[in-house]
Amino acid sequence: MSHALTRIALSTAVVICATHTVHAELTLITQFNPNNMIEIDSIAFDYISDTVWVYGENASDLRQYSTSGVFLQAIPRPGEQSNDADLDIASEELVINETLVPAGTLLFTNGETDTAEIYAIDPDTGDVLATLNTAFGVDHVVGGAYHSERNTFFLVQDRGPSLEADENIIAEIDPVDGSVLNSFKIDHLLPDFFVRYGDIDISPVLGGLYVVSDSQTSIAHFSPGGSFIRTLDLPVGVSGLSGIGLADDESGSAWVTSQSGVISLLNGFSMTVLLGDLNGDGFVGI
């Protein structure tokens, strides 16, 4: 059995038509609000230490918390002060700008001005291991995540650019030279979904792209090749999302943060949807 089909077998398969809009509901498991943070731009789930990392708006550091909300440590933020940034965890070792970085490395995307930069950071020391200057962004790149199956990064540009052609875009990025390999506009696939403060993360089980925005009441789900799959409605008590960090297991859970600083654990991401090979990208599920 292929690796992709093995992953699909982890959960119950539901066959649908690729053009059918699918809505799914999420459930709220738990919440906490770090008492020393007011506004949070991004969040990542560290599957190695079972902790969450967050970055506050224009903050000078990146902060680590236990899943019960206990503050653990802070390390310096690389690059310029930003309120357009994101955090991710490398799920495997990868090469960034010709430097090999280990699994568990903290990945910080800074999209404040011009094109975005991606920093690989040692989560224990705060040392910058590698820096990638990408060719994507017109200020305000608000989210970034590493796709282990494709060995690429996916970044999301918000609706801030003055030209409509430059806004609300997801781009796939080469991790070695930062070039743009592919891109698609979110609002061409889902007309009423616009990213303001927001984020993108990738399913560790099947590789789908999940996008949040503080102006939306649902999470949008796309294939890596640029096909819309479904939306997931937010549960009562969760709104204004600026960050998402999917868990690296088969639980179907994700940590999300609101821009106002409330961190929530949601469940309900694990339903498998067989869609065939959309856009020839080898994507056969969520």
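Predicted model: local features only at pLDDT ≥ 70, side-chain atom pairs only at ≥ 80, totals over all residues.

**Exercise 1.** Classify Tyr 65 as buried or exposed.

Solution. The relative accessibility of Tyr 65 is 1%. Buried means under 20% relative accessible area, so Tyr 65 counts as buried.

**Exercise 2.** Determine the class of Phe 71 from its relative accessibility, and then the geometry of its pair with Tyr 65.

Solution. Phe 71 has 40% relative accessibility and therefore counts as partly exposed. The ring centres of Tyr 65 and Phe 71 lie 5.6 Å apart, and the planes meet at 65°. Planes over 60 degrees apart count as edge-to-face, so this pair is edge-to-face.

**Exercise 3.** Describe the pair formed by Phe 184 and Phe 222, and locate both residues in the chain.

Solution. The rings are 5.8 Å apart from centre to centre, with 55° between the planes, and the pair is tilted. Phe 184 belongs to strand S17 (residues 180-185) and Phe 222 to strand S20 (residues 218-222). The two residues are 38 residues apart, and their pair links distant parts of the chain. Both Phe 184 and Phe 222 are buried.

**Exercise 4.** Which residues do ring pairs link into a cluster, and how many aromatic pairs does the structure hold?

Solution. The cluster consists of Phe 32, Tyr 65, Phe 71 and Trp 255. The structure holds nine aromatic pairs.

**Exercise 5.** Is Leu 100 buried or exposed, and which nonpolar patch includes this residue?

Solution. Leu 100, located in strand S10 (residues 99-101), has a relative accessible area of 54% and is therefore exposed. Together with Val 95 and Val 176, Leu 100 forms a nonpolar surface patch with about 230 Å² of accessible area.

Definitions and conventions:
Residues numbered from 1 in each chain as written. Heavy atoms only, no water. Patch = residues over 30% accessible without salt bridge, like charges linked within 9 Å, V, L, I, M, F, W, Y side chains within 5 Å. Areas by Shrake-Rupley, 256 points an atom, 1.4 Å probe, with all protein chains shown as cover. Salt bridge = Lys/Arg side-chain N within 4 Å of Asp/Glu carboxyl O. Helix = DSSP H or I, 4+ residues; strand = E, 2+ residues; numbered from the N terminus. Buried < 20%, exposed > 50% of the residue type's maximum accessible area, 1.4 Å probe, protein only. Phe/Tyr/Trp six-rings, centres within 6.5 Å; stacked < 30°, edge-to-face > 60°.
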